[in-house]
Amino acid sequence: MSEAPETLDPETEHQSPVVGTSKPRLLKVLGPGLITGASDDDPSGIATYSQAGAQFGYGLSWTLLLTFPLMTAVQMISARMGRTTGRGLAGLLRQHYPSYVLLSIVIPLLIANSINIGADLGAMADATRLIIGGPQIVYVLLFAGISTALQIFMQYTSYVAVLKWLALILLVYVATMFMVQVSWGEALYRLVVPDITWSKEYLTTLVAVFGTTISPYLFFWQASQEAEDVRELPKRRPLTRAPQQAPAALARIELDTIAGMGISNFIALAIMITTAATLNVAGVKDVETSAQAAEALRPIAGPLAELVFALGVIGTGLLAIPVLAGSAAYAVGEARKWPVGLARQPLEAKAFYITIAVATLVGMTLNFTPINPIKALYWTAVINGVVAVPVMVIMMLMSAQTKIMGEFTVKGWLKALGWCATAIMAAAVAAMAATSF
């Protein structure tokens, strides 16, 4: 006699390892989506948004109004794929596509993430030196060690809770925005009326903004975290095997992702508005690092704005580096069919944790070479924008296949927004390429 399917009530669905059951209902729901959205505003993202604001003033703020629904749709699709199948994106690619397709996605992701980690470590070290002085290399080593140790040795439930509360550091950028003199009329006007310039510089920055906002590592991370939660919560099952859990699961994913991406885009807008109102107005048009943006704020907006901005760089770096290294490890581990997951003990998933350490180590060593990782971070955002296009195409194709998603294929408005995001990213990359020749 077959066993009756186990149901999952909404309250149990909301009890993820990210937050304890004693928290208010909204905080129970916010998990992978919140962490994903917050980690998107990492030091390299801060530098990209700062460069956009410094170089073009309020002229690119419209991009963040556009990316909110597009980013939300893409992240929601990746989350649904992880929750529905119990697998991350690399695991699904390995299962359903030829190895050359899998490698063509995972290898660029690993390279881009390692460079991004190096850039973030360099920016965090710069920001720390701005605040307390001292040698930059010592801070690079310190932050690399802290980030790696937390992922390897900290209990999963405590670790992801730390990541969630680190997201609060993003509020410093809202505070900074209100410390400076913003031309709100112009800022709000440019938010809804694009100021588009057909130039190589404008279009490259446009791709960088899109690439740092809608990044492949975020797709891999959120899908893998949903799959991880399926493994960790005893009553959760992949929706393909437990369809009765779908209403609560999909409702949680929707709220979690909308909240996370909303916070992410609002903070990015605050950074762009702040630098447009200060650096651009003062004639500072070239910002290479997030720490440089903080330093440049001092004579314009005062030492407090500089301090708050710099503290935000450090906090968001501590949040983002584990996501960058973790998403790379999930992708490589799933591609190689290794045991993966931050909930596993180090001896249970040695190769997974070694990948985390190696990705962080490679990124760290960029700070010891003639390569300028801070220059590289802007181009990493551009690379992310280019790499995102084929990843999004494959995601959209997989999410529509019943052999992968069962009865929970992505359809309707979510499918339309997902393809719209893919088309816009592809158009931006094509326009950048056209102006480069």
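This is a predicted model: local features need pLDDT of at least 70, side-chain atom pairs count only at pLDDT 80 or more; totals for chains, interfaces and linings use all residues.

User: How many aromatic pairs does a search of the whole structure find?

Analyst: A pair of aromatic rings is described by the distance of the centres and the angle of the planes. Searching the whole structure gives 6 aromatic pairs. In one of them, the ring centres of Phe352 and Tyr353 are 5.2 Å apart and the planes stand at 75°, so this pair is edge-to-face, since an angle over 60 degrees counts as such.

User: Are Phe352 and Tyr353 buried or exposed?

Analyst: Buried means under 20% relative accessible area. Phe352 has 0% and is therefore buried; Tyr353, with 4%, is buried as well. Ring pairs also join Phe352 and Tyr353 with Trp221 and Tyr330 in a cluster.

User: What span does helix 14 reach from its first C-alpha to its last?

Analyst: Helix 14 comprises residues 246–280, 35 residues in total, and spans 48 Å, close to the 51 Å expected at 1.5 Å a residue. Of these 35 residues, 25 are buried, so helix 14 is largely enclosed by the rest of the structure.

User: Where is Gln75 placed, and which residues does Gln75 touch?

Analyst: Gln75 lies in helix 5, which covers residues 62–85. Its relative accessibility is 1%, so Gln75 counts as buried. Leaving aside residues up to four places away in sequence, Gln75 touches Thr36, Ser215, Leu218, Phe219, Gln222, Thr257 and Met261.

Technical notes:
Residues are numbered from 1 along each chain as its sequence is written. Side-chain values use heavy atoms; hydrogens and water are left out. Helices (H or I, at least four residues) and strands (E, at least two) are DSSP runs, numbered from the N terminus. Buried means under 20% relative accessible area, exposed over 50%, partly exposed in between (1.4 Å probe, protein chains only). Contact means heavy atoms within 4.5 Å. Rings of Phe, Tyr and Trp (its six-membered ring) pair if their centres lie within 6.5 Å; planes under 30 degrees apart count as stacked, over 60 as edge-to-face and the rest as tilted. The expected span of a helix is 1.5 Å times one less than its number of residues.
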